[in-house]
Amino acid sequence: MSTTPVAAVPDPAGLTGELRATARGGALSLLGSLFGTAMGFVLVLVLARQLGPSGSGLVLQAMGIFMICLSLARLGTDTTAVWLVPRLRHEQPAQVRAACLLLLGLAGTAGLTVWACWLLLRPVLIGHGIDVVDSGALGAVLGGVPLAAVMLAALAATRAFGGVVPYTLIGNVGVPLARPVAVLAGTLAGGAVVTAGIAWTAPLVPGVIAAVWVLHRQVTRFERTHALPVVRVADPALRRRALGFALPRTLSAGLEESLVWLDVVLVGLIAGPAAAGVYGAATRFVGAGSALLQAMRIVVAPRFSAMLARGRRQDVQDLYDVTGTWIVLAGAPVFVLLAAHAGTVLGLLGPGFDSGARAVVALCVGGLGMLVGGNVQSLLLMSGHSGWAAANKGVVLAVNVAANLALIAPFGITGAAISWAACAWLDTLLAVLQVRRFTGVRLAVVPLARCLLVVLVCAGAASWLVRAQLGEGLLALLLSVLLTVVAVGGYAVADRRRLHTAELAALLPGRSTYSGTHVRK
């Protein structure tokens, strides 16, 4: 399904207005993403310390199956909300409430269906391999699928109203903060794997209530502001439009989450729960490097949808280029530092986890593959090509499963990491080629390559010098981080015109004005 072409509309704010708005939303979203990532580290630390590699591995496998089931239960409603609602606000404003109710209803119904299927199939599955994952922990977390599906759909819809505050406070702060606290309380009280699963799921209850309440307030305010009638039932055309985008996205999202979590499950099945615990912890650490990428996706996706609907392709190109360099500038140093100090970082979790150091290095190489594409995945979806996104994920997942089956047995978790890294680069390449074909938006290869090379040199040199003098350890990691921040920060200042760091600096206290120029390639 492709977007309907409309006449181009001039943008009075210009590129710098888009960049400043993106940077403002991106800054808040980044803080939320970083906090959520930090809470993910804390959760892994709590699981590792309280349950050890084997126990934490069982919980992480259950969480992996939960995420895969959730990606299917959402029915693509979260991405559909980001794509559809901004367009409806301009094209059919009276249908906004109906669209939101339709999407929430689809997510809730699908989530309950997944939960019911588990209840029906659980007696059959027990004794046929499901005990390797731990059916008690799996049952505890799968009960949260309908709650999480509705919460994510509601939070995605709130983004269409021009802000990321509800999404950030509920999805990236509230629920992630409550999870490690609840798990720690449960395990300290004497609970084990099943208790940890219940505690991890419990924060979804207040999360879904808050998300639906905020969305209701936003929709009501929008209707009153524009004197719109209250329409609760979507018309047939709207239902077809929403489902035409959502159904391919359902497949795409399911495959996408499978790429993230299936290797954890496969490691547990092939190499055992202890190996799954180590590998699952390694993958959570690597997520830190993509924090800005995830933050920018949250902000730019509805902007891409709105600009493409109005025919503003050059604005899309400019926003894509600049935010892409920001993502590399902030994310690549994290991957270099993690790869250089992998043993130290994993050692924080306790005995036995430092065996995943080589896997972390391979995962960091794959992480760079995600960064260089910038917001290309969001751009492919917001251009209306959810079917192509699903096809990409299908190809990549097939490669991933084949590679995991071939590499995990001889190489353990390092083989799984190599498989994931190769698939991350393949996924980015496919999306870049398709976005260029469908929208005409091209990857700015030269600026990105220049930025990536400089950042890799800065971060790599800092880590190499420190390790040559101090060896491995927490002090060496902290000093490497400090030197990297200074070096990369110096580059950002020296090359501020091409990197457009003026728009980022304008967000600092006391900077009420800024200057901006058109992107030059």
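This note goes through some local features of a predicted model, point by point.

1. Rolling a probe the size of a water molecule over the atoms shows where empty space is left. In this model the count comes to two cavities of 30 Å³ or more, and the second largest cavity has a volume of about 40 Å³.

2. The lining of the second largest cavity. Its lining residues are Tyr 320, Asp 321, Gly 324, Val 372, Gly 373, Gly 374, Leu 443, Ala 444 and Leu 448. Helix α12, which covers residues 313–340, gives the most to this lining, with three residues.

3. A first aromatic pair. A pair of aromatic rings is described by the distance of the centres and the angle of the planes. The structure holds three aromatic pairs, and one of them is formed by Phe 161 and Phe 222, whose rings are edge-to-face, with 6.0 Å from centre to centre and 75° between the planes. Because Phe 161 lies in the loop between α5 (145–159) and α6 (165–188), while Phe 222 belongs to helix α8 (residues 204–225), the pair ties together parts that are 61 residues apart in sequence. Phe 161 is buried, with a relative accessible area of 16%, and Phe 222 is buried as well, with a relative accessible area of 7%.

4. Another aromatic pair. Trp 388 and Phe 438 form a pair that is tilted, with 5.3 Å between the centres and 50° between the planes. Trp 388 sits in helix α16 (residues 386–411) and Phe 438 in helix α17 (residues 413–439), so this pair ties together parts that are 50 residues apart in sequence. Trp 388 counts as partly exposed, at 39% relative accessibility, and Phe 438 also counts as partly exposed, at 26%.

5. Charges over rings. The charged end of Arg 159 sits over the ring of Tyr 167, at 5.2 Å from the centre of that ring. Likewise, the charged end of Arg 179 sits over the ring of Trp 200, at 3.9 Å from the ring centre.

6. A buried arginine. Arg 312 is found in the loop between α11 (291–309) and α12, and with a relative accessible area of 8% it counts as buried, because the cut-off for that word is under 20%. The side chain of Arg 312 is joined to that of Asp 315 by a polar contact of 2.8 Å.

7. A glycine in a helix. Gly 105 has its place in helix α3 (residues 96–125) and is partly exposed, with a relative accessible area of 33%. The C-alpha atoms of Gly 105 and Thr 77 are separated by 9.6 Å, although these residues are 28 residues apart along the chain.

8. Positive phi values. Most residues other than glycine have a negative phi, and most peptide bonds are trans. Leu 75, which is not a glycine, has a positive phi of about 55°; Leu 75 lies in the loop between α1 (14–73) and α2 (77–91) and counts as partly exposed, at 22% relative accessibility. Ala 227 likewise has a positive phi, near 50°, and is placed in the loop between α8 and α9 (236–271). At 71% relative accessibility, Ala 227 counts as exposed.

Conventions
Residues are numbered from 1 along each chain as its sequence is written. This is a predicted model: local features need pLDDT of at least 70, side-chain atom pairs count only at pLDDT 80 or more; totals for chains, interfaces and linings use all residues. Side-chain values use heavy atoms; hydrogens and water are left out. On a 1 Å grid over the protein atoms alone, a cavity is a set of points where a 1.4 Å probe fits but cannot get out, and a pocket is an open set with protein on both sides within 12 Å along at least five of seven lines; lining residues have an atom within 4 Å of a point. Grid points are joined across faces, edges and corners, and a volume is the space filled by probe spheres set on the points. Helices (H or I, at least four residues) and strands (E, at least two) are DSSP runs, numbered from the N terminus. Rings of Phe, Tyr and Trp (its six-membered ring) pair if their centres lie within 6.5 Å; planes under 30 degrees apart count as stacked, over 60 as edge-to-face and the rest as tilted. Buried means under 20% relative accessible area, exposed over 50%, partly exposed in between (1.4 Å probe, protein chains only). A charge sits over a ring if NZ of Lys or CZ of Arg is within 6 Å of the ring centre and within 35 degrees of the ring normal. A polar contact is a pair of N or O atoms within 3.5 Å; within protein, one must be able to donate a hydrogen and the other to accept it, and residues adjacent in sequence count only if both atoms are side-chain atoms.
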